[in-house]
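Here is a short tour for a reader meeting this structure for the first time. Keep the sequence and the 3D view open while you read.

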Amino acid sequence: MLEINCTGSSFEIGVIHGATAKDQITGSIDFYSQLFQASCSLSWPEVAQEAAKYVRPLEDIAPRYVEEIKGIADGSQLPFLDILALNIRTEIMFGLFSDSERDITRAPSDGCTSLGWLTPSGFSYLGQNWDWIPEQEPNLIVCHISQPGTGIPDFSMVTEAGIIGKIGLNAVGVGCCLNAIKCRGVDTSKLPIHFALRTILESPSRAAAVEAIKLAGVAGSGHILVGDATGSTGLECTSKWVKEVTMDDAQRVCHTNHLILDTSDVEERPWLEDSPVRLARIRELTARTTNPDFDAIAAVFRDTDGYPSSINRRREGKSANETLFTIVMDLTRRSARVTFGRPTEFREEVMIAFEKQ
């Protein structure tokens with residue numbers, strides 16, 4: 001697994017990312033080029049032209065992130081709009097399906113199961129399985145980012161090469177996970193979902209992260225699970241609003257790939273029949289876990305009840321996606337373990353740890 005260490009200004013961080021992960025970035029572009037062609041009959045140059053529509057709004061609301069994307073383009077010697085398209089691929093896809101004539105359930109998207117838990121022992125855990133099309137697995141990387149002199153915490157994330165924000169944690173113990181949600185509508189004046197994840201990774205606390213995302217808004221739909229040593233908050237996001245999913249009586253937040261709060265003012269189409277089943281299953285498994293330590297939480301993500309469309313997913317039959325990595329974060333100790341491949345047969349393991357300040 002490629003691990004890259006990026007430090008410096010936004011542009012310099014991008015250059016290091018682009019130069020070091022050029023092959024994987026090219027692989028990401030090839031993967032999404034085929035996906036857009038198959039699902040939307042859109043060539044990659046046409047996708048890049050869709051991305052061009054987002055440049056001016058993003059320069060206004062997230063200029064640092066645009067600079068980093070320019071750096072990735074420079075370092076990889078690939079066009080800027082190609083890298084931007086990777087970072088806003090969710091918004092482009094959902095935007096194409098915003099016409100009521102199109103069936104948004106046909107828009108391909110990654111499906112996942114996530115969990116945040118402030119345990120009785122006082123430890124705060126965050127974790128998820130990231131399920132997607134296996135052909136994208138070779139293009140996953142682990143990225144460690146430091147921005148000296150800015151006051152922004154160092155952070156580490158698992159990401160698709162070329163994308164500036166994904167799933168991980170920072171040096172002060174703030175972490176985030178992501179579940180895909182499909183609701184119609186995109187608002188280009190708000191943060192793309194991967195920019196929102198990056199904003200959380202740069203935040204000093206769960207409370208600050210939640211406030212920042214609610215203030216900025218999110219361009220499309222998704223569920224972001226945010227946590228720190230004090231517990232977790234789910235953020236159900238649509239182009240219209242961001243709503244909080246608070247911890248239940250057992251101090252848990254469980255989520256899959258459908259909205260669980262009020263959806264009366266948005267159009268959400270069910271797209272993964274197993275999403276409610278997986279949500280019920282992870283609630284059941286955690287309810288009967290008597291000693292919820294790191295290993296017990298990792299075991300939840302190995303569950304194969306409902307195979308192949310289980311928490312631990314395999315591409316087989318009607319299940320088009322597979323678990324490509326599992327991350328379990330101990331936000332109290334500011335550490336994480338990432339395994340690549342299905343958690344019952346993983347091929348590689350990466351450990352992440354930050355020292356307490």
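Strand E1 (3-7), helix H2 (22-40), helix H5 (63-76) and strand E4 (140-146) are among the elements that cover the buried residues of H1. The model shown is predicted. Which residues of helix H1 are buried? In H1 (residues 10-20), they are Ser10, Ile13, Gly14, His17 and Gly18. These residues span an arc of only 130 degrees around the axis, so they sit on the same side of H1. The spacing fits a general rule. An α-helix has 3.6 residues a turn, so residues three or four places apart point the same way.

H2 also meets helix H7 (residues 89-96). The two axes come within 12 Å and cross at roughly 10 degrees. That angle is under 35 degrees, so H2 counts as roughly parallel to H7. On the H2 side, the contact involves Tyr32, Phe36, Ser39 and Cys40. On the H7 side, Arg89, Ile92, Met93 and Leu96 take part.

Next, the aromatic rings. The model has 8 aromatic pairs. One of them joins Phe31 and Tyr32, edge-to-face, with 4.8 Å from centre to centre and 85 degrees between the planes. Both Phe31 and Tyr32 are buried. How are the rings of Trp130 and Phe325 arranged? Their centres are 5.5 Å apart and their planes lie at 25 degrees, so the pair is stacked. The cut-off for stacked is under 30 degrees. This pair links distant parts of the chain. Trp130 belongs to strand E3 (residues 124-132) and Phe325 to strand E12 (residues 322-330), 195 residues apart. Trp130 has a relative accessible area of 0%, so Trp130 is buried. Phe325 is at 1% relative accessibility, so Phe325 counts as buried too.

Together with Trp132 they form one aromatic cluster. Elsewhere, a lysine meets a ring: Lys243 lies over the face of Trp241, at 4.1 Å from the ring centre.

Now the loops. Gly217 lies between helix H9 (206-216) and strand E8 (222-228). Is Gly217 buried or exposed? Its relative accessibility is 7%, so Gly217 counts as buried. Lys190 is 27 residues away along the chain, yet the C-alpha atoms of Gly217 and Lys190 are separated by 5.2 Å. Leaving aside neighbours within four places in sequence, Gly217 touches Lys190, Leu191 and Val242.

The cut-off for exposed is over 50%.

One more loop deserves a look. Where is the cis peptide bond that involves Pro308? The bond joins Tyr307 and Pro308, with omega about 5 degrees. Pro308 is in the loop between helix H11 (294-300) and E12. E12 is also the strand that holds Phe325.

Note on methods: Residues numbered from 1 in each chain as written. Predicted model: local features only at pLDDT ≥ 70, side-chain atom pairs only at ≥ 80, totals over all residues. Heavy atoms only, no water. Phe/Tyr/Trp six-rings, centres within 6.5 Å; stacked < 30°, edge-to-face > 60°. Buried < 20%, exposed > 50% of the residue type's maximum accessible area, 1.4 Å probe, protein only. Helix = DSSP H or I, 4+ residues; strand = E, 2+ residues; numbered from the N terminus. Lys NZ or Arg CZ within 6 Å of the ring centre and 35° of its normal. Arc of directions from axis to C-beta. Contact = heavy atoms within 4.5 Å. Axes fitted to C-alpha atoms, helices over the stretch in contact; angles between N-to-C directions. Parallel < 35°, antiparallel > 145°, perpendicular 65-115°, else oblique.
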